[in-house]
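These are my notebook entries on one chain. Each entry records what I looked up and what I found.

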Amino acid sequence: MADLSLYRNIGIFAHVDAGKTTTTERILKLTGKIHKTGEVHDGAATTDFMEQEQERGITIQSAATTCFWKDHRLNIIDTPGHVDFTVEVYRSLKVLDGGVGVFCGSGGVEPQSETNWRYANESEVARIIFVNKLDRIGADFLRVVGQVENVLGANPLVMVLPIGREDDFIGVVDLLTRKAHTWPDPGNPEKFDITDVPEDMVDEVEEWREKLIETAVEQDDDLMEAYLEGNEPSMEDIKRCIRNGTRKLDFFPTYCGSAFKDKGVQLILDAVVDYLPNPTEVDPQELTDELGEPTGETALVSTDEPLRALAFKIMDDRFGALTFVRLYSGVLNRGDTILNSFTGKTERIGRMVEMHANDRNELERAQAGDIIAIVGMKNVQTGHTLCDPKHPCTLEAMVFPEPVISIAVAPKDKAGAEKMAIAIGKMVAEDPSFRVETDEDSGETILKGMGELHLDVKVDILKRTYAVELNVGKPQVAYRETITMEVEDSYTHKKQSGGSGQYGKIDYRIRPGEPGSGFTFSTSVVGGNVPKEFFPAIEKGFKSLMGEGTVAGFPVLDVEIDVYDGGFHAVDSSAIAFELAAKGAFRQTMPKAGAQLIEPIMKVDVFTPDDHVGDVIGDLNRRRGMIKDQDAGPTGVRIKAEVPLSEMFGYIGTLRTMTSGRGQFSMEFSHYLPCPANVAETVIAEVKERKANA
């Protein structure tokens, strides 16, 4: 039985282009997992194995790999940085025990770093920080440390100081041991020298070392007292305190280096082993009931407990469907029968494999703490719990964001239609933030996703991986409808056509709900004017029409309905009569309640060199943007704004033209706001035209 204290399940996450994948490559090289280092910019990185990843030089899906360092087993997941693929980071963090947050030495804390950090906080994942790319122009370790404090509100615990800056960066000083680690040969990460601290850094090292020990001993009152009396704790005690504080998220050990130049990565691996928790040291996952309510029980990480595992990712490759699974408790053997508590069905485990990017090693058994892939599971989706049939349970489910952008696609020929349906089915299983619908009016297939790049990649995969030739429509915005005022109204549904009739009368109030509340239904009928058994039918009637509003047929958000009176007939009233009354009431009252169109507003974060700030702000204003903040850094200015999604299509091309190719931006959904009248008129006219042509 493997020793769980020697396991580390970690993820590497950061903003796009901060060097996550390069850091992973260096870790794999140092641990002997690969012998030749692949570079992201050459499209040769081990964990970027999709064609689309290699061409674009970005990570699109998280990749899992296993390696060993100092007798410890590291299960590593390299996650994407781009905001359109945030769901990959989110679901990886749900199953990890620790993480390495990578920040660019010159870019600092960038927009996606903030999102990922927030996800990691929500998942309560212990982290260490690696400030990468210290060999770049404008790189400044202590400035990034300051940003981690100010922007992320985190407490970085500085463990090393850099020797030299930018081109002169040669290594780091380990504050605990007071030793300098320098790498004279950039191509050989294993060859490094350990020497005394350079003379010009002695005072600075002592100052930072004191801060480090002061922060660490706060974890232990006895050590703190002894330290205040002038007794420095032993190295074991300091490390124990750092490990404790890291686990409790009180602080985050912070390192620096250059992954590309092979400098500083060994210290990261040591820190993963020394300070990040093993599976038994993390708060156990809560168990929930079918409705997602906590039961008060937890999945204790132990091989003696019944099997409990979470499927956190589905991937289709040349060998068939792979289901990535994190085992929280128990043991899983090849040939075992397991229960999927979501579907209530059992499945037999055929093949289990340990993943190394897209290669694999066959396994006979796996145990609590492992991250493995199971080949050929049929009905499992992301977020499903796999457990022992004798001990059914549900682990805390994952919640995924709603898509904000859609495009219509159609295969160019009949043969492509079947291929497209199969391919899209596989892609939806792999990516929970990617949705597909069929437009009933036009018969078109609508792909929905998190951004232009997200859908661009999906279309590319359909064309190349699945050889489906497509006609692609222009992107559509996910508009919604809501109401602006409260209305009291009454509606009677009455039908008499021989035999028993239909009768249902309701008096009700419709009012705007809190933003984000969706649909809320309540009843305050007294005296039995409407019998209780008809309330569910009334709610069903109202709810069924929330999917299609009266302005332009978009789904309706944030509406509260309260039924306070009504009438019924002893013979003619039925559930169906009251359901029809509710539908008629919805259509009658929505226009009276000031129904209006609302549009998705995006949180946009633009980076631009200093000399183009005016152009970028002017362009954002023209796009109906609201500038929220400007932050000047050493290499340029970050502009934060809120801009309607409809104005952001093709923005990357405009930004690159304005900034001579040096600008970057990221955006994510923020909230909905009412459309200006002229925009609403255009959208409504387009919808009418589409319906007329369908």
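**Entry on Thr246.** I looked up the contacts of Thr246, where contact means heavy atoms within 4.5 Å. Setting aside its neighbours within four places in sequence, I found Thr246 in contact with Ala126, Arg127, Phe251, Pro253, Tyr275 and Leu276. The model I am reading is predicted, so local features need pLDDT of at least 70, side-chain atom pairs count only at pLDDT 80 or more, and totals for chains, interfaces and linings use all residues. Residues are numbered from 1 along each chain as its sequence is written, and side-chain values use heavy atoms, with hydrogens and water left out. Thr246 belongs to helix 8; helices (H or I, at least four residues) and strands (E, at least two) are DSSP runs, numbered from the N terminus. Is Thr246 buried or exposed? Thr246 is buried, because its relative accessible area is 0%. Buried means under 20% relative accessible area, exposed over 50%, and partly exposed in between (1.4 Å probe, protein chains only).

**Entry on helix 8 and helix 9.** I next asked which residues of helix 8 meet helix 9. Lys239, Ile242, Arg243 and Thr246 in helix 8 meet Val273, Asp274 and Tyr275 in helix 9. Sorted by class, this contact has 3 nonpolar, 1 polar and 3 charged residues. In this sorting Ala, Val, Leu, Ile, Met, Phe, Trp, Tyr, Cys and Pro count as nonpolar, Asp, Glu, Lys and Arg as charged, and the others, Gly among them, as polar. The axes of helix 8 and helix 9 come within 9 Å and cross at roughly 80°. Axes are lines fitted to C-alpha atoms, for helices over the stretch in contact, and angles run from 0 to 180 degrees between N-to-C directions. Helix 8 and helix 9 are therefore roughly perpendicular to each other. Angles under 35 degrees count as roughly parallel, over 145 as roughly antiparallel, 65 to 115 as roughly perpendicular and the rest as oblique.

I then checked the burial of helix 9 itself. Helix 9 (residues 265-275) has 10 of its 11 residues buried, so it is largely enclosed by the rest of the structure. Among the buried residues of helix 9 are Val265, Leu269, Val273 and Tyr275.

**Entry on helix 6 and helix 8.** Helix 6 (residues 202-217) packs on helix 8 (residues 235-247) at an angle of about 65°, with their axes 8 Å apart. These two helices are therefore roughly perpendicular to each other. Helix 6 passes helix 8 in a left-handed crossing. A crossing is left-handed if the near helix is turned anticlockwise from the far one by less than a right angle, and right-handed if clockwise. Which residues meet here? I found Leu212, Ile213, Ala216 and Val217 of helix 6 meeting Ile238, Cys241 and Ile242 of helix 8. This contact has 7 nonpolar, no polar and no charged residues. I also recalled that an α-helix has 3.6 residues a turn, so residues three or four places apart point the same way.

**Entry on cysteines.** Cys241 counts as buried because its relative accessibility is 1%. Cys256 likewise counts as buried at 1% relative accessibility. I looked for disulfides, a disulfide being a pair of cysteine sulfur atoms within 2.5 Å, and the structure holds 0 of them.

**Entry on helix 14 and helix 15.** Helix 14 (residues 613-622) and helix 15 (residues 651-658) have axes 10 Å apart and pack at an angle of about 150°. They are therefore roughly antiparallel to each other. Helix 14 passes helix 15 in a right-handed crossing. The contact is formed by Asp615, Val616, Asp619 and Leu620 of helix 14 with Tyr651, Thr654, Leu655 and Met658 of helix 15. By class, these residues are 5 nonpolar, 1 polar and 2 charged.

**Entry on loops.** I looked up Ala154 in the loop between helix 5 (141-150) and strand 6 (156-158). Ala154 counts as buried, because its relative accessibility is 12%. Apart from its neighbours within four places in sequence, Ala154 is in contact with Trp117, Val148, Glu149 and Phe252.

Lys70 lies in the loop between strand 2 (63-69) and strand 3 (72-78). Its phi is near 50°, a positive value in a residue other than glycine, and Lys70 counts as exposed at 52% relative accessibility.

**Entry on the chain.** I noted 16 helices and 38 strands in the chain. Buried residues make up 54% of its 694 residues.
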